[in-house]
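This briefing goes through one protein model, with attention to its helices and its charged side chains. Please look at the sequence and structure first.

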Amino acid sequence: MENIYMDRVLSGDIDAFRYFIKTYKDMAFSIAFSIVKDEQYAEEVVQDAFMKAFNGLKKFHRKAAFKSWFYRIVVNESFLRLRSIKKDRKMISIEEQSDAIMEVQFEEITESHGAKIHKVLSLMEPKESLALELFYLQELSINDMMQITGWSKGNTKVILHRARKSLRHIWKQMS
């Protein structure tokens, strides 16, 4: 199905690219948000990623699935954006995380676990929250994660392990 839309886009039917936007925008936003931790920046990253994908579609050799190729663009754009905003936005230190966690505890006593998970992910390091997002929330395999992030198999497993430890630590503090 995707090949049909790619062929249509490559032959000049720009509107056919809407298929990719509708299909991948939510996951792309989720990936971007897990890295940049800000909705506005995540939206900008997704827009930039779609533009890069559209402009680079001619170079896509279809050896991998479109979604893996596109999500790799999203990950790369997210980390580029993160580097540029680190100058303007101070990353939360360990001490500040504890203060933020205490504030989050009192925000909503009756919040669902889903909302709590997203709050915890927003307090984590970008690579760790991305790993948890892809592996547990999007249910991707280690190999899919490797294609999307560009990490080696060993690095993917290490980041996922550290992410689980961080999640447990922050979750305990929030409970």
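In which helix is the place of Lys172? Lys172 sits in helix α9, which covers residues 153–174, where helices (H or I, at least four residues) and strands (E, at least two) are DSSP runs numbered from the N terminus. This is a predicted model, in which local features need pLDDT of at least 70 and side-chain atom pairs count only at pLDDT 80 or more, while totals for chains, interfaces and linings use all residues. Residues are numbered from 1 along each chain as its sequence is written, and side-chain values use heavy atoms, with hydrogens and water left out.

**Overall make-up**
- The chain has nine helices and zero strands, and along the sequence its pattern reads α-α-α-α-α-α-α-α-α.
- Of the 175 residues in the chain, 40% are buried (buried means under 20% relative accessible area, exposed over 50%, and partly exposed in between, with a 1.4 Å probe and protein chains only).
- Among contacts (heavy atoms within 4.5 Å) between residues at least 6 apart in sequence, 67% join residues at least 24 apart.

**Salt bridges**
- The whole structure holds six salt bridges, each being a side-chain nitrogen of Lys or Arg within 4 Å of a carboxyl oxygen of Asp or Glu.
- Asp48 and Arg81 form one of them, with their closest N and O atoms 2.8 Å apart; Asp48 lies in helix α3 (residues 39–56) and Arg81 in helix α4 (residues 66–86), so the pair ties together parts that are 33 residues apart in sequence.
- Asp48 is partly exposed at 29% relative accessibility, whereas Arg81 is buried at 18%, and Glu44, Asp48 and Arg81 are linked in a network of salt bridges.
- Lys52 and Glu77 also meet in a salt bridge, at 2.6 Å from N to O, and this pair links distant parts of the chain, with Lys52 in helix α3 and Glu77 in helix α4, 25 residues apart.

**A buried charge without a partner**
- Glu2, in helix α1 (residues 2–10), is buried yet has no salt bridge, the nearest side chain of opposite charge being Lys67 at 7.8 Å.
- Beyond its neighbours within four places in sequence, Glu2 is in contact with Tyr19, Phe20, Tyr24 and Phe66.

**A positive patch**
- Arg162, Lys165, Arg168 and Lys172 form a positive surface patch, a patch being made of residues with over 30% relative accessible area and no salt bridge, with like charges joined within 9 Å.
- Lys172 is exposed, with a relative accessible area of 66%.

Technical notes. Patch = residues over 30% accessible without salt bridge, like charges linked within 9 Å, V, L, I, M, F, W, Y side chains within 5 Å. Areas by Shrake-Rupley, 256 points an atom, 1.4 Å probe, with all protein chains shown as cover. Lys, Arg positive; Asp, Glu negative; His and termini not counted. Charge placed at Lys NZ, Arg CZ, Asp CG, Glu CD.
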